[in-house]
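Here is a short note on charged side chains and their pairing. Please read it with the structure open.

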Number of protein chains: 2
Amino acid sequence: MPNPTAAMLVIGDEILSGRTRDVNLHHLAGKLTLHGIDLREARVVADVQADIVAALRDLSARYTHVFTSGGIGPTHDDITADAVAAAFEVPIGVRDDARAILEEFIAARGSEVTPARLRMARIPEGARLIENPVSAAPGFSLGNVHVMAGVPKIFEAMLDGLLATLEGGKPLLSQTLRVELPEGDIAGPLSDLAARHPGLSIGSYPYSHQGVFGANIVVRGQDGAEVSAAMVELGRLFPGATV
Amino acid sequence: MPNPTAAMLVIGDEILSGRTRDVNLHHLAGKLTLHGIDLREARVVADVQADIVAALRDLSARYTHVFTSGGIGPTHDDITADAVAAAFEVPIGVRDDARAILEEFIAARGSEVTPARLRMARIPEGARLIENPVSAAPGFSLGNVHVMAGVPKIFEAMLDGLLATLEGGKPLLSQTLRVELPEGDIAGPLSDLAARHPGLSIGSYPYSHQGVFGANIVVRGQDGAEVSAAMVELGRLFPGATV
């Protein structure tokens, strides 16, 4: 059976303006690879409801899962929950269980329950909550869309809990060979190797270090024996390379 | 006149598998903001021709510019140039001027001109070359799509040359106020402020540092006087905050 597929949707003006560097995509990509879910696409959109709705509809129709990050805080620019409700045409409002989780956390910190904070208990109808062990305000899953916070520590904690509930496939195995030759010299043999192993993904990632050109050759696949066989062939093609 | 708009398309399995962290989006975002081009969306797709073609057609129809990174090297997994040609239904082949640039660079390094290296001189018909001062192999612009390398040093060098040829708009100005209050306490006043300044984008980016919750409030806009006016109001709303 093929692995489940996924897309990520990063929501936030601050990434597109260059103010903030997204780090959640890289984290999610590594976790999904280990879990056997194939991340096929990622998008970054601004805090604009029409853009979020369009991306959600498109991605949720095409992939097994859609993971979002960003836009679920208490401020006016946090519009992700409403956009998800709009995308799936379901009502949204403050939900009692989410409200109780928030109120307990707020009370423990001696803060006040404000209308702004209660915005974080707005959950689209029919959604399942995703636990937030860092700052309480929950994420949620609606259908195949999983809505998480943008703050990396919270995103990572939510994802850990969520992934434990999602069925994975075969993890993608990967081995790397470092070759101190310019890509132009390895491209021919590598192309032949890739043609002999259609079940593998064989990539070449050039680098230059202190004036020396080289490349990391990465062999990826679900079949460990085939990955290893390709690595043995690579070792013969490029003697002196380092794993 | 409104600013030109843009999207970025990052091409590469290695980003989606978690092997490599993309850094070109953040770099491009900052440069475009300074140049007065509004980056509206970014996508990451795998080294799959159909996916690249679909994204190119969609994005190039919706934005003034599309900037791509990745997939223009000499190896079999470098398929961006062919995907661009396919997306716009133009022929592609080795072009004499690109070939001459490559051959001169290769000769100067004492390397050989291989069929793999010549792949990097494949340019879609009608494209303009983008100079590569790092490793010679050029990028190109076809219509409103600008095709650049994925290696950050090369991407950045190509972008510098390219941006000098693109008409910009008004730079997006931005000022930040750091407030040591949890977002839930600033959300109400911030929402009112945003309503009074529809011409500005006012964002709030929470942080926690050594147990203290706070937020960076970022005011963005093209009108410097209005950005400053909003900052003065913010200073009154949150005395004791630091710019």
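1. Start with a network. Glu41(A), Arg43(A), Asp58(A) and Arg62(A) are joined to one another by a network of salt bridges. Bear in mind that this is a predicted model. Counted over all chains, there are 24 salt bridges.

2. Next, a pair in chain B. Asp58(B) and Arg43(B) form a salt bridge, with 2.8 Å between the closest N and O atoms. Asp58(B) sits in helix α3 (residues 49–62) of chain B, and Arg43(B) in strand β2 (residues 38–45) of chain B. The two are 15 residues apart, so the pair is one that links distant parts of the chain. Arg43(B) counts as buried because its relative accessible area, 5%, falls under 20%. Asp58(B) is partly exposed, at 28% relative accessibility.

3. Now a helix-to-helix contact in chain A. A salt bridge pairs the side chains of Arg196(A) and Glu233(A), at 2.8 Å from N to O. Arg196(A) belongs to helix α8 (residues 183–196) and Glu233(A) to helix α9 (residues 224–237), so the pair ties together parts 37 residues apart in sequence. Arg196(A) is partly exposed, with 48% relative accessibility.

4. Finally, a pair within one helix. Glu103(B) and Arg99(B) meet through their side chains in a salt bridge of 3.1 Å, N to O. Both lie in helix α5 (residues 96–108) of chain B. They are four residues apart, about one turn of the helix. Glu103(B) is partly exposed at 29% relative accessibility, and Arg99(B) is partly exposed at 32%.

Methods: Residues numbered from 1 in each chain as written. Chains lettered and ligands numbered in written order. Predicted model: local features only at pLDDT ≥ 70, side-chain atom pairs only at ≥ 80, totals over all residues. Heavy atoms only, no water. Salt bridge = Lys/Arg side-chain N within 4 Å of Asp/Glu carboxyl O. Buried < 20%, exposed > 50% of the residue type's maximum accessible area, 1.4 Å probe, protein only.
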